[in-house]
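Subject: Structure handover

Hi,

Here is the structure I promised to pass on to you. Have a look at it first, and then read on for what turned up.

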Amino acid sequence: MQKITYTVKSILFFVTLTAIVSCSDDFVDIDSQDPNSEDFFNTEEEYQDALIAAYDLLQSTYINVMLGEIASDNTLAGGESATDVPGIQEIDNMTHTPVNAQLRDIWSWMYAGVNRTNYIMEFQDKTDFPGKEAVIAQTRFLRAYYYFELVKWFGDVPLAIDKRIQFGEQFDIDRTPKSAVYTLIEEDLQFAAENLPATQAEAGRITQGAARALLGKVFLFQDKFSEAATVLDQVISGPYDLVADYNMIFEQEGENNIESIFEIQYTDEEGAGFECLQCSEGNVAVGFNGIRNYSGPLFDSGFSFNLPTQEAFDAFEVDDIRRDVAILDIDAWAADTGATFVTGFKHTGYYNRKYIARQGDLNTGDANLTNPNNYRAIRFADVLLMAAEAHNRKSSSDDTQALLYLNRVRTRAQLADVSFTGAALTDAIYNERRVELVGEGHRFFDLVRTGRAAQEIDGFINGKHEVFPIPLIEIQLAGNRWEQNSGY
């Protein structure tokens, strides 16, 4: 199977009002619009090139994934010291502010993705060719994906539909209620589901199942449980399944397997540097998650961020085969293998084994920034557990169906079936989501959407921390017209 690659970060016409593909804050020196952009989209190849550019920003979501764990009770920031990447430390401590650099990265990079998709949509009617509906469907999925990330992180956000945000237009665009953003997301995903095939020749290309799975998740985030149950049931009907050998899911040989509904592709063939992290074709989070000054078998060194907590380790039941695949007990590993390492800040004794560097990769350039580990953005196990929750929580609850889905995940983990109903079943599904998906960036948002964040996350304030602050510089660039999120 051929693997889609994203290799077009240098296309100039995708630069937008906030320089969202640039690493500089010097807006005066930025050419905000390519003068030939109106002459593009004359052939199918040009649409495909623009689509690959829209896929490209998916690789920047490594920061979303990492911070989705660190903001939760699953992991601590770690690093070398309390001042190592202050923005990450602030999010761990729930002390983040509107000048947090990592939050600005999320805002900027996700809007880069939005603008790239809207560039295609702006010219969607310019040239016809066979299969164009599939190009537009992939584009609309990607727009929905980027907007969903923005809504999850920031709540109400500026909404642009089928047109780029050009330099100067920031003075006329207001933040849009997230309900309206969700409406566009749903429309985009429904279109994608209706116009995409069940399978793709290139691994990493969006499929009908990916569109339906993300739509189900979007419904779940809005407490539309009946709608979520219906669409997620469609995903479960095929062609996906759980991988029998859980040990292989997060290894290179396990990439793009039958459990992977949507997987973000990374490669170690093109190097990158800290001056432009979003330019890396590799999974930057893997190097950040790695073991500090490690010497030993199997793994490579990293920066010791995103450290699983003792509580997360203990959340697994006795004999759950997933625990040692998800979380590396570095002291036990060192005792068994003779490996050595240096403890970093807030050392817990644990590492996110799903996404730490393995030996033998090419790692062109900086080895910590160009790891080839794909991110399993939507797994079949996640869909089963979302569907279980939807059936359990909908007004006409179907706990029998919910139990079938939940126990299917537990059976793969070699655990006994459960037989709860009602609220006890809801809690069992929540617990299963935690241990099945630990290290994959979902925990914080699961806690927020289910109203459990304040009781689980130290420092979390209800009415404030459900969303993150709009980056101050973005408010200033919009002429100080946007209200900041409450509490910031």
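A residue is called buried here when its relative accessible area is under 20%. Please keep in mind that this is a predicted model.

With that cut-off, Thr 309 counts as buried, because its relative accessibility is 12%. Thr 309 sits in the loop between β9 (305-308) and α10 (310-314). Its side chain makes two reaches to the backbone: one to the oxygen of Asp 73 at 3.2 Å, and one to the nitrogen of Ala 312 at 3.1 Å. Leaving out neighbours within four places in sequence, the contacts of Thr 309 are Asp 73, Asn 74, Thr 75, Leu 76 and Tyr 350.

Ser 304 is in the loop between β8 (301-302) and β9. Its phi is near 55 degrees, a positive value in a residue other than glycine. Ser 304 is buried, with a relative accessible area of 1%. Asn 480 also has a phi near 55 degrees, but this residue belongs to the segment after α18 (472-477) and counts as exposed, at 56% relative accessibility.

The largest nonpolar core has 132 residues, and Phe 141, Tyr 147 and Phe 262 have the most contacts inside it. The element that gives the most to this core is helix α5 (residues 132-154), with 14 residues. Not counting residues up to four places away in sequence, Phe 141 touches Leu 189, Ala 192, Ile 206, Ala 210, Ala 211, Leu 214 and Phe 262. Another core, of 9 residues, lies apart from the largest one; among its members are Ile 291, Phe 299, Leu 307 and Leu 328.

Phe 41 lies in the loop between β1 (2-3) and α1 (44-56), and Phe 123 in the loop between α4 (101-122) and α5, so the pair ties together parts that are 82 residues apart in sequence. Both of these Phe residues are buried. They also belong to a cluster linked by ring pairs, with Phe 40, Tyr 47, Tyr 119 and Phe 129.

Another pair, Tyr 355 and Tyr 375, is tilted: the centres are 5.9 Å apart and the planes 55 degrees. Tyr 355 lies in the loop between β11 (350-352) and β12, and Tyr 375 in strand β12, so this pair ties together parts 20 residues apart in sequence. Tyr 355 and Tyr 375 are both buried. Two arginines lie over ring faces: Arg 140 over Phe 191, at 4.6 Å from the ring centre, and Arg 452 over Tyr 430, at 3.9 Å.

Next, helix α14 (residues 399-412). At 1.5 Å a residue its 14 residues should span 20 Å, and this agrees with the 20 Å between its end C-alpha atoms. Its buried residues include Asp 399, Leu 403, Tyr 405 and Arg 410. Among the elements that cover the buried residues of α14 are α8 (225-236), β12 (375-379), α13 (380-393) and α15 (422-437). Just after α14, Gln 414 has a positive phi of about 60 degrees.

One last item: Gly 238 and Pro 239 are joined by a cis peptide bond, with omega about 10 degrees. Pro 239 is in the loop between α8 and β6 (260-264).

Best wishes

Technical notes: Residues are numbered from 1 along each chain as its sequence is written. This is a predicted model: local features need pLDDT of at least 70, side-chain atom pairs count only at pLDDT 80 or more; totals for chains, interfaces and linings use all residues. Side-chain values use heavy atoms; hydrogens and water are left out. Helices (H or I, at least four residues) and strands (E, at least two) are DSSP runs, numbered from the N terminus. Buried means under 20% relative accessible area, exposed over 50%, partly exposed in between (1.4 Å probe, protein chains only). A polar contact is a pair of N or O atoms within 3.5 Å; within protein, one must be able to donate a hydrogen and the other to accept it, and residues adjacent in sequence count only if both atoms are side-chain atoms. Contact means heavy atoms within 4.5 Å. A nonpolar core is a set of buried Ala, Val, Leu, Ile, Met, Phe, Trp, Tyr and Cys residues joined through side-chain atoms within 4.5 Å. The expected span of a helix is 1.5 Å times one less than its number of residues. Rings of Phe, Tyr and Trp (its six-membered ring) pair if their centres lie within 6.5 Å; planes under 30 degrees apart count as stacked, over 60 as edge-to-face and the rest as tilted. A charge sits over a ring if NZ of Lys or CZ of Arg is within 6 Å of the ring centre and within 35 degrees of the ring normal.
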